[in-house]
Amino acid sequence: MKKLAAILAAAAPLAALATVQDAVAAPAFGPVGAAVTCGAPGAPGYLLTRTCIEVTGNQVRVYGWATPNSPAWQPQPVGFTVAATVIGNAPIPPVNPTVLVSAGGTQVGSVFTTAPCGSTVIANFAVNQPGWPSSPATVSTVVSC
């Protein structure tokens, strides 16, 4: 019993040292980096679409994500529209990229803007391919800065 007590007594300073080292290794600031908000998938079509808004401070990036709905999908170029609006600000011109969509899915386009803290950003992403369903997807978020 005395031997067990001696082992425990010797281990206590090591445990305290580990706790101090962990505390020192912890970051001194809060989370760093972009906050990403992605919306629900768009209407069914050849592709599953999703819109995302990435916010870092007052910098905003809007993009889409397109994933094929069929396991038989062959990579092919597809046209899209990526658009964003900051409520109360001037309109932001949309982008209309044509992107090679792979079987695993592909990130599409980027719309960049700045937005005042507390403002709401609304983003839209859709297929823009003649003869295909547009499968529109929308998301909104508040720029919290």
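Cys145 is partly exposed, because its relative accessibility is 45%. The model described here is predicted. Cys145 belongs to a disulfide, and its partner is Cys117. The S to S distance in this bond is 2.0 Å. About the S-S bond of Cys117 and Cys145 the torsion is about -100 degrees, so the disulfide is left-handed. The bond links distant parts of the chain, with Cys117 and Cys145 lying 28 residues apart. Cys117 sits in the loop between β6 (106-114) and β7 (120-127). Cys145 sits in the segment after β8 (137-142). Cys117 has a relative accessible area of 53%. The cut-off for exposed is over 50%, so Cys117 counts as exposed.

A search of the whole structure finds two disulfides. Another pair is Cys38 and Cys52, joined with an S to S distance of 2.1 Å. This pair also links distant parts of the chain. Cys38 lies in strand β1 (residues 35-38), and Cys52 lies in strand β2 (residues 47-56). The two cysteines are 14 residues apart. The link of Cys38 and Cys52 is right-handed, with 110 degrees about the S-S bond.

The accessibility of Cys38 and Cys52 was also computed. Cys38 is partly exposed, at 37% relative accessibility. Cys52 has a relative accessibility of 3%. Buried means under 20%, so Cys52 counts as buried.

With the bonded cysteines of the protein numbered in sequence order, the pairing reads 1-2, 3-4.

How values were computed: Residues numbered from 1 in each chain as written. Predicted model: local features only at pLDDT ≥ 70, side-chain atom pairs only at ≥ 80, totals over all residues. Heavy atoms only, no water. Disulfide = S-S within 2.5 Å. Helix = DSSP H or I, 4+ residues; strand = E, 2+ residues; numbered from the N terminus. Buried < 20%, exposed > 50% of the residue type's maximum accessible area, 1.4 Å probe, protein only.
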